[in-house]
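Subject: The structure I promised you

Hi,

Here is the structure we talked about. Have it open while you read, and then go through my notes below.

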Amino acid sequence: MPGSDQRKAGLLIGSALLLIVVTLYWAPITQPASFYDYADNHQRLGINNFTNVMSNLPFAVVGLLGIRLLSQIPSRQADQVIEPEISSAYFLFFQALLATSLGSAFYHLSPDPFGLMLDRIPISLAFVNLYCIVLSEYISPRLGQRLLFPFNVYGLLAVVYWYLMTTTQGDAADLSAYILIQLLPIVHLPLILMLYKERRPGSRYYLAALVTYGFAKIAELQDTGIFMLTEGWISGHSIKHLLAALAGWWIYRLLQLRTAKR
């Protein structure tokens with residue numbers, strides 16, 4: 001491996017280890033007792049927390065569009081659109097978005113730890129599959145393929161672990177393992193896009209997805225403030241759903257454009 005490639009790999013591995021150490025240092029990371037108290041809890045059309053529930057629909061739309069697009073790509077042309085060695089990751093990403101729509105809608109009907117587990121599991125799987133996709137497209141298809149199964153298992157178990165902890169520790173349950181799932185791609189994706197050359201068009205769409213998700217997290221943190229600013233029309237958490245779905249749409253748009261250029 002050339003020296004430059006070694007330095008790039010060292011930077012990624014070093015930053016991953018640093019994230020793990022920092023996460024362990026701050027553990028346990030717990031969610032506030034007020035976590036389930038969302039700004040917009042209005043019932044409409046007989047649906048509890050109507051806006052937070054219905055704002056999950058875009059996840060289903062993007063998920064279904066992505067699954068349909070991938071299903072229509074001829075196998076002989078697949079390598080022009082996706083990495084064939086890790087084709088399942090693309091399907092799993094969009095399936096996770098579809099599952100996020102269902103899990104998050106169920107959770108917001110009556111927020112509790114069990115519903116939150118069903119919400120967080122597909123979110124975790126969407127993150128790890130997108131991460132493996134980028135690793136495959138920019139660094140090595142074999143690397144993405146090797147990490148795909150263990151990362152999906154980790155994503156599932158991290159959330160289940162948190163939920164089981166809530167049965168004994170309540171709000172003191174540790175979220176560290178789940179938080180790491182989001183931190184690693186958020187830190188690594190811009191590094192990978194900056195350090196490695198793209199073998200297919202995609203950098204700006206991956207970056208757009210990352211930036212859009214960043215705004216989604218900001219909106220989530222400003223749930224009440226946005227709700228008051230819009231005079232009760234929409235809350236920050238509902239906007240978070242819409243922006244997070246838009247982040248997924250950027251990935252769909254990328255694959256759509258690649259398909260059109262076959």
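What follows is a tour of what turned up, with each term explained when it comes up.

First, some ground rules. This is a predicted model, so local features need pLDDT of at least 70, side-chain atom pairs count only at pLDDT 80 or more, and totals for chains, interfaces and linings use all residues. Residues are numbered from 1 along each chain as its sequence is written, and side-chain values use heavy atoms, with hydrogens and water left out.

**Helices and cover**

Let's begin with helix α5, residues 113–138. (Helices are DSSP runs of H or I with at least four residues, strands are runs of E with at least two, and both are numbered from the N terminus.) With 26 residues at 1.5 Å each, α5 should span 38 Å, and its end C-alpha atoms are 37 Å apart, which agrees. The expected span is 1.5 Å times one less than the number of residues.

Is α5 mostly covered or mostly open? It is mostly covered, as 22 of its 26 residues are buried. Buried means under 20% relative accessible area, exposed means over 50%, and partly exposed is in between (1.4 Å probe, protein chains only).

Val-159, in helix α6, is another buried residue, with a relative accessible area of 1%. Its C-alpha atom is 8.1 Å from that of Leu-175, which is 16 residues away along the chain. Asp-171 sits in the loop between α6 (141–169) and α7 (176–195) and is partly exposed at 36%.

**A patch on the surface**

Now look at Ile-13, Leu-17, Ile-20 and Leu-24, which make a nonpolar surface patch with about 400 Å² of accessible area together. Patch members have over 30% relative accessible area and no salt bridge; like charges are joined within 9 Å, and nonpolar side chains (Val, Leu, Ile, Met, Phe, Trp, Tyr) within 5 Å. The areas come from the Shrake-Rupley method with a 1.4 Å probe, and for residues only the protein chains shown count as cover. Ile-20 belongs to helix α1 (residues 3–26) and counts as partly exposed at 36%.

**Rings**

How many aromatic pairs does a search of the whole structure find? It finds 12. Rings of Phe, Tyr and Trp (its six-membered ring) pair if their centres lie within 6.5 Å; planes under 30 degrees apart are stacked, over 60 edge-to-face, and the rest tilted.

One of the pairs is Tyr-138 with Tyr-206, edge-to-face at 6.1 Å centre to centre and 70° between the planes. This pair links distant parts of the chain, as Tyr-138 is in α5 and Tyr-206 is in α8 (residues 203–221), 68 residues apart. Both are buried: Tyr-138 at 4%, Tyr-206 at 5%.

Tyr-205 and Trp-250 have ring centres 6.2 Å apart and planes at 50°, so this pair is tilted. Tyr-205 lies in α8 and Trp-250 in α10 (residues 236–260), so parts 45 residues apart in sequence are tied together. Tyr-205 is buried at 13%, while Trp-250 is partly exposed at 24%.

There is also one aromatic cluster made of Phe-35, Tyr-36, Tyr-38 and Tyr-107.

Some rings have a charge over them, meaning NZ of Lys or CZ of Arg is within 6 Å of the ring centre and within 35 degrees of the ring normal. Lys-8 lies over the face of Tyr-196, 5.1 Å from the ring centre, and the charged end of Arg-120 is over the ring of Trp-162, at 4.7 Å.

**Salt bridges**

Side chains of opposite charge can pair when their charged atoms come close. A salt bridge here is a side-chain nitrogen of Lys or Arg within 4 Å of a carboxyl oxygen of Asp or Glu, and the whole structure has five.

Arg-200 and Glu-83 meet at 2.8 Å, N to O, and both are buried.

Happy exploring!
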